[in-house]
Amino acid sequence: MQQCSKCSLREGCTQVVFGSGNSEAEIMFIGEAPGKKEDASGTPFVGAAGKFLNEMLAEIKLKREDVYIANVCKCRPPENRDPSPEEIATCWPWLLQQIQIIQPKLIITLGRHSMERFLPKAKISEIHGQVTKINLAQIGSQNIFTLYHPAAALYNGSLRETLKKDFQKIPKVLQKIKKNH
Ligand code: URA
């Protein structure tokens, strides 16, 4: 992945932001793409959105070391623009390999771009805070829990409350998945 130059994002970024956390995690968070701080540090979610994510994790008694965190795009888009569908598609084989290695019991998508990679027709306003079971090519059955992006919720009071409420559901959602296995 560090050597990848399959799309033009690599030319404009400092480094490939691989992912971080526990490779045996039950929960895998998938965000959008690195921002400025992530590009500089090489670690996903270390800026303001990352701080908010850490706070929400702490509220459900989890640490970053307990989960795995990655993005649908591993390289920072210029000026923090949204990654294009082509860039997301080009980066997909890397994310697929990460999912295959980690084999999470629950994938939690952060934001619309990540959600759409797994649930292309879904509307985030309709399915946030819900689990959808999908059949993912080359992976098999996978549970997807959809959340709003912490960056979008940071400065929007009502979205922030919704995200926090949805986040609180995670332990029970995971428990239920494990019981049904
Ligand atoms: N936003 C994301 O989607 N990913 C990061 O790594 C940081 C901010």
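1. Surface. The protein has an accessible surface of about 9500 Å². Carbon and sulfur atoms account for 49% of that surface. Keep in mind that this is a predicted model.

2. Burial. Of the 181 residues in the protein, 50% are buried.

3. Overall size. The C-alpha trace spans about 45 × 40 × 30 Å along its principal axes. The radius of gyration is 15 Å. A compact globule of 181 residues would have a value near 16 Å, so the protein agrees with that expectation.

4. Secondary structure and contacts. The protein contains nine helices and six strands. Take the contacts between residues at least 6 apart in sequence: 71% of them join residues at least 24 apart.

5. Charge. There are 25 positive side chains and 18 negative ones. The centres of these two sets are 6 Å apart.

6. Ile139, position. Ile139 sits in a loop. Strand E5 (131–136) lies on one side of that loop in the chain and strand E6 (140–147) on the other.

7. Is Ile139 buried, partly exposed or exposed? Its relative accessibility is 25%. Buried means under 20% and exposed means over 50%, with partly exposed in between. Ile139 therefore counts as partly exposed.

8. Ile139, neighbours. Which residues does Ile139 touch, leaving out those up to four places away in sequence? They are Leu96, Ile99 and Gln100. Ile99 is 40 residues from Ile139 along the chain. The C-alpha atoms of Ile99 and Ile139 are separated by 7.9 Å.

Notes:
Residues are numbered from 1 along each chain as its sequence is written. This is a predicted model: local features need pLDDT of at least 70, side-chain atom pairs count only at pLDDT 80 or more; totals for chains, interfaces and linings use all residues. Side-chain values use heavy atoms; hydrogens and water are left out. Helices (H or I, at least four residues) and strands (E, at least two) are DSSP runs, numbered from the N terminus. The radius of gyration is taken over C-alpha atoms; the globule rule is 2.2 Å times the number of residues to the power 0.38. Buried means under 20% relative accessible area, exposed over 50%, partly exposed in between (1.4 Å probe, protein chains only). Contact means heavy atoms within 4.5 Å. Accessible areas come from the Shrake-Rupley method with a 1.4 Å probe; for residues, only the protein chains shown count as cover. Lys and Arg count as positive and Asp and Glu as negative; His and the chain ends are not counted. The place of a charge is taken as NZ of Lys, CZ of Arg, CG of Asp or CD of Glu.
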